[in-house]
Amino acid sequence: MKKIKYLITCFIAVFILAGCNGMDNEPTNSYTNKSFWTSIDKAQYMLNMAYNQLYSAGKMWQDEALSDNVFQGRGFTDQRTIRNGIADPATSIFANEWSNLYGGIKTTHVILENIDNLDATEAVKNNMKAQARFIRASLFFRLTNFYGDIPFFTKDITLEEANTISRTPRTKVIEFIHQELDDIMQYLPTRDQLSVEENGKITQAAALMLQARVYLYDNDWANVEKYTGQIMDGSHGTYKLFPSFSGLFESENEYNSEVIMDCAYVPSTRTWGEMNDMAPLSKDARVISTAPTQELVDNFITLDGDPISSSKTYNEARPYVNRDPRLTGTVIYDGYDWSGNIKDGSVGEIIYTNPKKNTPDGYKGLTGNSSATGYYVRKYYDKHHEAGMASGLNIITMRYADVLLMYAEAMNEQGKMTAEVWNKTIRPIRERAGFTKPKALNFPAEQSQTEMRQTLRIERRSELALEGLRWFDIKRWKAGTEYLNGYMHGARYGTNNTYIRLDNYQFLDARDYLWSVPQSQMDINPNLKPNNPGYAN
């Protein structure tokens, strides 16, 4: 599926044209004209395009930059502008995201309005329509997460309609998403029904997981339990944790037992290169623009199961020893055993980030070419990368560990957390990570619901860090002022052995859980007003 789906996609995508309105991004006449729709193969080309517009490595790393997991130190990006509380309706990312998402929706509408005219079996056409409907639901979900009430329509619209349409309440869009995902289930295969060549296609489990995520973001815990439970019972495909945490993010293990859905890349054909600005300079990276924060590093508990703030075994002089093994699988820190962890054929190579070591990777200040935090990104580093860190490694968008974490959170929020729930969710995740001590693995029966909530949030951040989900978790927890207010920090390389002090983030509850409607769109269409709270019209 990797090659079938994406070799042609890269060719087609260059023909997307942007109209004057972001909601009217559309394929050229070659793809909307009836003469194009002569075979199911051409419909597959369009479906390939829709997959391409659904998600990408770039979107994942951009989403991470909205959170407290990473800091962007080589320029004032739009994400950094947002986190510093100075974004306005003209901030570019607001318009770019809007345009890209509606461009993808346009593609799905073109598919849905033409595919029934093709000579193919109903089963084939229904499956392709189900994939397009899943992608459309995903794109609308992302839109509502960023903008709240949005222009909503389920058919291809004209430029005039795009320029006059009003915003639909988010609740109505969410109702549509849930109904769509229920309706398409009958037309989707299970993972076990896919051939090797079909790896990467949307499955029943992907639809169930999207349902669970949509309910999760609305704190509808009973439905989160329902839909994650349907994945866990195996009736919609066989899934289990992959034995190695770091191995999940290596090309030789793509499409493994934990992956529910991913974004496919192909070496030398369709690659992503963001790691060129995140990996150690000594490993031929370019200039480090994105780096993990001290706040992320501090989230990883000790091997005895305690946060570092309360652990008796945490040693500030040796801060990376006796820690959650996922720290080593996620972040590169001072004294990092590169050869032992990356296994790229090198021998005895250690990464030093302490400026006293005077290495290329050592911290050199906020304006230096090296990391602005003293840390580098490990997760998703591809040891088989090509020139310029170009990687053909797939980006996982849905995986089974997240199913277990959502289920555990839903059970706790309903007052139903028990040893049985813990032992089929958190315990196996920690065992896979490498924990062995009873205190880290056994159910903490003494914890209150509030304390368990914090335990699960810490666990979720450690397991899913740098996978594009952190900002959306902070948003649904309504925890922006807790995590995104005040100074961000880097390693203890600051003045007088203090933590590096980075930007002073500003978060306003009344404004910053939603983005502004793009100024360019309000200029074209006054019916998009009033803008979201805290932004000018």
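Which residues do ring pairs link into a cluster? Ring pairs join Phe-94, Trp-98, Tyr-102, Phe-141, Phe-146, Tyr-147, Phe-153, Tyr-217, Phe-472, Trp-515 and Tyr-535 into a cluster. The legends below treat this cluster and other parts of the structure. This is a predicted model, in which local features need pLDDT of at least 70 and side-chain atom pairs count only at pLDDT 80 or more, while totals for chains, interfaces and linings use all residues. Residues are numbered from 1 along each chain as its sequence is written, and side-chain values use heavy atoms, with hydrogens and water left out.

**Figure 1. Confidence along the protein chain.** The predictor's confidence in each residue is given as pLDDT, on a scale from 0 to 100. The protein chain has an average pLDDT of 94, and 94% of the residues score at least 70. Over residues 3-20, pLDDT stays under 50. For residues 3-20 the model has 40 contacts beyond four places in sequence, a contact being heavy atoms within 4.5 Å.

**Figure 2. Two stacked aromatic pairs.** Rings of Phe, Tyr and Trp (its six-membered ring) pair if their centres lie within 6.5 Å; planes under 30 degrees apart count as stacked, over 60 as edge-to-face and the rest as tilted. A search of the whole structure finds 28 aromatic pairs. In one of them, the ring centres of Tyr-102 and Phe-153 are 5.9 Å apart and the planes meet at 15°, so the pair is stacked. Tyr-102 belongs to helix H6 (residues 92-114), whereas Phe-153 is in the loop between H7 and helix H8 (159-162), 51 residues apart. Helices (H or I, at least four residues) and strands (E, at least two) are DSSP runs, numbered from the N terminus. Tyr-102 and Phe-153 are both buried; buried means under 20% relative accessible area, exposed over 50%, and partly exposed in between (1.4 Å probe, protein chains only). Phe-146 and Trp-515 form another stacked pair, at 3.9 Å centre to centre and 15° between the planes. This pair links distant parts of the chain, with Phe-146 in helix H7 and Trp-515 in the loop between strand S10 (501-505) and helix H21 (519-524), 369 residues apart. Phe-146 and Trp-515 are both buried.

**Figure 3. The largest nonpolar core.** A nonpolar core is a set of buried Ala, Val, Leu, Ile, Met, Phe, Trp, Tyr and Cys residues joined through side-chain atoms within 4.5 Å. The largest such core has 155 residues, of which Phe-134, Phe-140, Ile-177, Met-275 and Tyr-380 touch the most other members. Helix H7 (residues 122-147) supplies the largest share of this core, 12 residues. At least three residues of the core come from each of domain 1 (35-237 + 516-528) and domain 2 (268-393). Another core, of 6 residues, lies apart from it and includes Ala-433, Ala-440, Leu-441 and Ile-458.

**Figure 4. Met-275 and helix H4.** Leaving aside neighbours within four places in sequence, Met-275 is in contact with Trp-61, Ala-285, Val-377, Lys-379, Tyr-380, Tyr-381 and Met-389. Trp-61 is one of the buried residues of H4. Helix H4 (residues 57-64) is mostly covered, with 7 of its 8 residues buried.

**Figure 5. The two domains.** Domain bounds come from an automatic or database domain assignment, which gives domain 1 (35-237 + 516-528) and domain 2 (268-393) for the protein chain. The C-alpha centres of domain 1 and domain 2 are 32 Å apart. In domain 1, 13 residues are in contact with 23 residues of domain 2.

**Figure 6. Charges over rings.** A charge sits over a ring if NZ of Lys or CZ of Arg is within 6 Å of the ring centre and within 35 degrees of the ring normal. Lys-357 lies over the face of Tyr-352, 4.7 Å from the ring centre. Over the ring of Phe-435 sits the charged end of Arg-430, 5.8 Å from the centre.

Figure 7. Ser-268 is a residue other than glycine with a positive phi, near 70°. Ser-268 is placed in the loop between strand S2 (259-263) and strand S3 (290-292), and its relative accessibility of 62% makes it exposed. Lys-343, also not a glycine, has a positive phi of about 55°. The peptide bond from Lys-529 to Pro-530 is cis, with omega near 5°.
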